[in-house]
Amino acid sequence: MHTVGTYLAERLSQIGLEHHFAVAGDYNLVLLDQLLTNKSMLQVYCSNELNCGFSAEGYARARGAGAAVVTFSVGALSALNAIGGAYAENLPVILISGTPNTNDRSTEHLLHHTLGTHDFLYQLEIAKRLTCAAVSITSAFDAPGQIDYAIRTALREKKPAYIGIACNIAAAPCAAPGPISALINENPSDPETVTAAVTAAAEFLQGKKKPVLLIGSKLRAAGAEKEAVELANALGCSVAVMAAAKGFFPEEHPQYVGTYWGGISTPGVQAIVDWSDSIVCIGALFNDYSTVGWTAMPHGPGVMVANQNSICFEGHDFSQIHLRDFLSALAKKVEKRNATMIEYARIRPEQPPEHPAAPDAKLMRVEMVRQIRPLVTAATTVIAETGDSWFNGIALALPDGARFEVEMQWGHIGWSVPASFGYALGAPDRRVIALIGDGAFQLTAQEVAQMIRQKLPVIIFLMNNHGYTIEVEIHDGPYNDVKNWDYAGLIHAFNADDGHGLGLRVKSGGELVVAIKAALANHKGPTLIECMLDRDDCTSELISWGRLVATANGRAATSA
Ligand code: DPX
Ligand code: MG
């Protein structure tokens, strides 16, 4: 016999989840018991609900979907920040919250964990704004349909969903789940639209001599990574990726030229994009950060915008079309257009060779990145936090198979600690390397304790530059100083009696070599390497980017 809770568990397991993340509270305890009865899914605990949401978000990056279970209001409102992140980053994270007993609705009862008013609906109202589907389950009879609707919508739209379950309904009997195909089968592209869009796009490209492909962060959500390679192969042109899409196009592909990020692009890439006569933007997202304060925004008649479900260019706007169908069909229709590759081969600058620093010289950022580089193999996932870690991460070359994760649209500092935890659980065969700044780490540090609990060998490079350096470059003031912590020592505290985390502080390149060796040998828990850097030892990219973003932020108000 199924209950609302076991129904939900079965659906989550059917969509491929082997874990769900949880923080207990009295509104969700019965639900947690029900979820525990499903033996194909483990319940994993987080230190707080913000981390719980981000852990599920990281898990979704590894596994395609994730789930977080929290208590009403005090829990859910914290988790909703991470759910906003999942929305911005196109990840189907299911937020499940216990909610008040149905007998307490519309009565004079006041409840704990609420505003102390009779309004218990605010959580659902907020969730509606931050998800693609939000349901409140107060009847076991309606539960299967509501759960299916929320999960189906999240998977289809690659956005988070919210399911509230009244605490006295979680164990109530309900119908059994049907076949999972009802939740995961998408509406197909409209075939006539595909034909029309491909014909028009092929004509558009036929009229161009020097196109480039620009890969954006929504490509993965659209499930079109393979098809983007097909189109690249067919056109033979240069392919650049936007920073937030690093890793979504194979960097070892012969047409891969690097990151397009305006003035801080990989050398030669901005020149080739500017020289092109057409830019096919695939899953691209242009915001103030990705356009470097609106200084690098492709526009004009040569721009084709191909998104998850729509294609738009030169007087055309096609919808009800999957990006992958479009790209794949277009690849079969276009002719070679390799002028940008020929030109790129001419202008491509030589990479200056890197030299190791003297082993006892003070550790500098450049030496740190040089030593991280060889750790990135086909089985590595690099998770780069908001801050100079973005720029350090972008500088790492990804061999085929390596993955790269950033949260550039939401940009919540501290995201990477729980996201690495969730990712590592979801992808146990991959080596997770997290690059994190000191300021960001302080928001979510507790989740390292959960990595220790789960014995996950995540390697964390913590850049201790004593402050919010990225903010220093954008707009400095006393608020950018961060109270120093003994970050390496913190791991000892988290270990308590039974943990195997390792915390190491390094001040020179020689010490870093030793620490990395120790990290690679520690299979029973995370290793945090605290890299002591000068406050102003940051990438030149950060300085240029910070200046232009600050200029954009500082524009005077225009009168209406
Ligand atoms: C803030 C940012 O130390 O990294 O490399 O030193 O900059 P760097 P740190 O982790 O500092 C991060 C800091 C304060 N951003 O420079 S990027 C504003 C911000 C944010 N998210 C939240 N609060 C504030 N992005 C939740
Ligand atoms: Mg810092």
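**Terms and the values behind them**

Modeller: Of the 90 residues in the largest nonpolar core, Leu8, Ile96, Ile151, Ile163 and Phe441 touch the most other members. This is a predicted model, in which local features need pLDDT of at least 70 and side-chain atom pairs count only at pLDDT 80 or more, while totals for chains, interfaces and linings use all residues. Residues are numbered from 1 along each chain as its sequence is written, chains are lettered from A and ligands numbered from 1 in the order in which they are written, and side-chain values use heavy atoms, with hydrogens and water left out.

Colleague: What makes a set of residues a nonpolar core?

Modeller: A nonpolar core is a set of buried Ala, Val, Leu, Ile, Met, Phe, Trp, Tyr and Cys residues joined through side-chain atoms within 4.5 Å. Contact means heavy atoms within 4.5 Å. Leaving aside residues up to four places away in sequence, Leu8 touches Leu31, Leu35, Ile96, Ile147, Ile151, Ile163 and Ile165.

Colleague: Why is His412 called buried?

Modeller: Buried means under 20% relative accessible area, exposed over 50%, and partly exposed in between (1.4 Å probe, protein chains only). The relative accessible area of His412 is 13%, so His412 is buried. His412 lies in the loop between strand E17 (403-406) and helix H15 (416-426); helices (H or I, at least four residues) and strands (E, at least two) are DSSP runs, numbered from the N terminus. Residues up to four places away in sequence not counted, His412 touches Leu50, Phe54, Asn81, Glu385, Thr386, Glu407 and Leu443.

Colleague: What makes H15 mostly covered?

Modeller: Eleven of the eleven residues of H15 are buried. Among them are Val417, Phe421, Tyr423 and Leu425.

Colleague: Which residues of helix H11 are buried, and what covers them?

Modeller: In H11 (residues 323-331), the buried residues are Leu323, Phe326, Leu327, Ser328, Leu330 and Ala331. Their cover includes helix H8 (191-206), helix H9 (225-235), strand E12 (278-282), strand E13 (303-307) and strand E14 (310-313).

Colleague: Why does Arg403 count as partly exposed?

Modeller: Arg403 has 22% relative accessibility, and therefore counts as partly exposed. Arg403 is found in strand E17. Its contacts beyond four places in sequence include Arg220, Glu225, Phe248, Tyr423 and Arg430.

Colleague: How do you know that Arg403 and Glu225 are joined by a polar contact?

Modeller: A polar contact is a pair of N or O atoms within 3.5 Å; within protein, one must be able to donate a hydrogen and the other to accept it, and residues adjacent in sequence count only if both atoms are side-chain atoms. The polar contact between the side chains of Arg403 and Glu225 is 3.0 Å.

Colleague: Why is Asn90 called buried, and which side chain makes a polar contact with its own?

Modeller: Asn90 is buried because its relative accessible area is 7%. The side chain of Asn90 makes a polar contact of 3.5 Å with the side chain of Lys218. Asn90 is placed in the loop between helix H4 (76-88) and E5.

Colleague: Why is Ala496 called exposed?

Modeller: With a relative accessible area of 57%, Ala496 is therefore exposed. Ala496 lies in the loop between helix H19 (487-495) and strand E20 (502-506), and its phi is near 50°, a positive value in a residue other than glycine.

Colleague: What is the phi of His113, and why is this residue called partly exposed?

Modeller: Phi of His113 is near 60°, also a positive value in a residue other than glycine. The relative accessible area of His113 is 30%, so His113 is partly exposed.

Colleague: Which residues come nearest to ligand 1?

Modeller: A residue is near a molecule or strand if one of its heavy atoms lies within 4 Å of it. Of the 17 residues around ligand 1, Asp438, Gly439, Ala440, Ile470 and Glu471 come nearest. A polar side-chain atom of Asp438 lies 2.5 Å from an oxygen atom of ligand 1, and a polar backbone atom of Ile470 is 2.7 Å from an oxygen atom of the ligand. Taken alone, ligand 1 exposes 590 Å², of which the protein buries 80%; accessible areas come from the Shrake-Rupley method with a 1.4 Å probe, and for residues only the protein chains shown count as cover.

Colleague: Which helix supplies the largest share of the shell around ligand 1?

Modeller: H16 supplies the largest share, four residues.
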